Amino acid sequence: MYPDERIARFITENFIPARVHVKDQAADFQRFGERYNAQWTPTVLFLDSDGVERHRIEGFLPNDDFLGQLMVGLGQLAFKRGDFTAAQRSFQQVVDTLPRSDAAPEAQYWAGVSRYKGSGDPAALGATAKAFTERYQDSTWAKKASIWK
Amino acid sequence: MNIAWRHDIDRVLADAKTAHKPVLLDFSAAPM
């Protein structure tokens with residue numbers, strides 16, 4: 001995952017990258033593993049600037065799926081601080097640039113929610129539900145959006 | 001491009017607060 005140039009650049013540009021190794025830093029792994037309930041590797045946590053977890057990835061993912069989840073995580077960080085414009089931008093980036101990744105349906109859902117939260121316009125949710133009739137129809141996220149039709 | 005992973009987690013969390021920047025915390029078993 002990490003040798004991928006796109007992934008390395010995305011992480012470097014958007015986060016302070018930190019790593020705890022299960023064996024080489026056993027004491028830290030136990031301490032921070034307990035604090036953040038991380039009991040398996042790889043587990044990647046997205047922490048806001050106050051150290052609060054806002055998203056996580058558990059288990060290995062191929063590069064495109066991992067990069068998509070990095071974008072989703074950045075979107076969730078923005079969403080949970082109330083910056084819905086930035087959140088929508090991150091989620092939409094997944095749909096636009098990695099449409100075949102596993103993260104894309106989730107990103108399409110949250111892009112719609114972010115647009116609604118930022119605008120207050122319920123039409124954003126209807127448009128998202130309609131978008132799920134055109135792609136990602138079989139995803140869990142399509143089911144979640146179906147209530148907005 | 002190599003990622004400059006940091007391992008001083010307490011310091012990272014303090015720096016994140018000061019810099020208002022999020023942290024990507026990787027719990028890993030991969031060779032270092």
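This is a predicted model: local features need pLDDT of at least 70, side-chain atom pairs count only at pLDDT 80 or more; totals for chains, interfaces and linings use all residues.
Me: Over how many bridges do β1 of chain A and β1(B) pair?
Reply: Strands (E, at least two residues) and helices (H or I, at least four) are DSSP runs numbered from the N terminus, and two strands pair at two bridges or more. Strand β1 of chain A, residues 16-21, runs in the parallel sense with β1(B), and the bridges between them number six.

Me: Which elements of chain B give two or more residues to the side that touches chain A?
Reply: The contact, counted where backbone-placed C-beta atoms lie within 7 Å, takes 33 residues from chain A and 24 residues from chain B. On the chain B side, the elements giving two or more residues are α1 (9-19) and β1 (23-28).

Me: How are α4(A) and α5(A) oriented to each other?
Reply: In chain A, the axes of α4 (residues 84-97) and α5 (residues 103-119), lines fitted to C-alpha atoms over the stretch in contact, come within 8 Å and cross at roughly 155°. Among the residues that meet are A:Phe91 and A:Val95 in α4(A), and A:Trp110 and A:Ala107 in α5(A). Angles over 145 degrees, on a scale from 0 to 180 between N-to-C directions, count as roughly antiparallel. The two helices are therefore roughly antiparallel.

Methods
Residues are numbered from 1 along each chain as its sequence is written. Chains are lettered from A and ligands numbered from 1 in the order in which they are written. Angles under 35 degrees count as roughly parallel, over 145 as roughly antiparallel, 65 to 115 as roughly perpendicular and the rest as oblique. Two residues are in contact if their C-beta atoms, placed from the backbone, lie within 7 Å.
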